[in-house]
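Let's take a walk through this model together. Have the sequence and the 3D view open, and follow along from one spot to the next.

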Amino acid sequence: MFVDSHCHLDFPELRDDLPRVLDAMRENAVTHALCIGVEMNAWPGVHALALAHPNLYASVGVHPDYADLEEPTVELLVARSRESKVVAIGETGLDYFRLTGDLGWQRERFRTHIRAAREAARPLVIHTRAAADDTIAIMHDERADEAGGVMHCLTETWDVAQRALDLGFHISFSGIVTFRNAAALKDVQRRVPLARLLIETHNPHLPPVPPPRQPHQPACVRLATHGYSAPPRLPCLHSRAPAP
């Protein structure tokens, strides 16, 4: 049995083929998937997917890469998180890789999500890229350990992973861990306690190596584990996910 802890089924690469995507999940023993919210305008569609299917759930939040949006308030995030089948707050965090300059707004957005998670008693889905020190510092400052959650698609060092584990967070790995240049990340993955380790597709992006011939989807989460006996049985979809 597998769970895809982070996917984007509302993105155009998969949403028009959802019945076949769900069939492929069943055929590959992927019992549940968490559909991640990345902006408030698109969140109703994410929530609708969760409401329409018993094995899909939703998170609510605004991704740190999205600038120039109306900022969510603590009150709004708390209210949305208490709706049916919403189980987490995020995707939130810091990303200094794609964006540069004055990113104070990004740090304030992150603080808002942590405060909302603590108030709503919902776990956080945290994204960090090229910003590990600030990410961990804000998690400490805002008492993110009181909410808990997951550091999703981790690409950082063991030191960063351990600091997140010390705050009570889980660690999730995507298809990146299969990349040829991911030896250090494989070592981090081996050191994370099994009870604190999650797997995710992050579909439609970041397929494993070798990539599936069909669009990356929750059925592929099997490829993030060791010792799978056969490739996932995937439907023939009309579209193909872009390269990461």
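At roughly what angle do the axes of helix 4 and helix 5 cross? Keep in mind as you look that this is a predicted model. Two packed helices are described by the angle between their axes and the distance between the axes. Here, helix 4 covers residues 74–81 and helix 5 covers residues 104–120, and their axes cross at roughly 45°, coming within 9 Å. That angle makes helix 4 oblique to helix 5. As for the hand of it, the crossing of helix 4 and helix 5 is right-handed.

Stay on helix 5 for a moment, as that's where you'll find A117. A117 has a relative accessible area of 0%, so it counts as buried. Now look for G149: it sits 32 residues away from A117 in sequence, yet the two C-alpha atoms are 9.4 Å apart in space.

Next, the aromatic rings. What you can find is charge over rings. The charged end of R129 sits over the ring of F97, 3.6 Å from the ring's centre. K85, for its part, lies over the face of Y57, at 4.6 Å from the ring centre.

Now for some backbone geometry. Most residues other than glycine have a negative phi, and most peptide bonds are trans. Against that background, have a look at D68, a residue other than glycine with a positive phi near 60°. D68 is in the loop between strand 3 and helix 4, and it counts as exposed because its relative accessibility is 80%. R143 also has a positive phi, near 60°. You'll find R143 in the loop between helix 6 and strand 6, where it is partly exposed, at 39% relative accessible area.

The peptide bonds hold a couple of stops too. G90 and E91 are joined by a cis peptide bond, with omega about 25°, and E91 belongs to strand 4, residues 86–95. Another cis bond runs from N203 to P204, with omega near 10°.

P204 takes us into the segment after strand 8, and H216 lies in the segment after strand 8 as well. Is H216 buried or exposed? Its relative accessible area is 3%, so H216 is buried. A polar atom of the H216 side chain lies 2.9 Å from the backbone oxygen of T201. The backbone oxygen of L206 lies 3.5 Å from a polar atom of the H216 side chain.

Terms used:
Residues numbered from 1 in each chain as written. Predicted model: local features only at pLDDT ≥ 70, side-chain atom pairs only at ≥ 80, totals over all residues. Heavy atoms only, no water. Helix = DSSP H or I, 4+ residues; strand = E, 2+ residues; numbered from the N terminus. Buried < 20%, exposed > 50% of the residue type's maximum accessible area, 1.4 Å probe, protein only. Polar contact = N/O pair within 3.5 Å; in protein donor to acceptor, adjacent residues only side chain to side chain. Lys NZ or Arg CZ within 6 Å of the ring centre and 35° of its normal. Axes fitted to C-alpha atoms, helices over the stretch in contact; angles between N-to-C directions. Parallel < 35°, antiparallel > 145°, perpendicular 65-115°, else oblique. Left-handed = near helix turned anticlockwise from the far one by under 90°.
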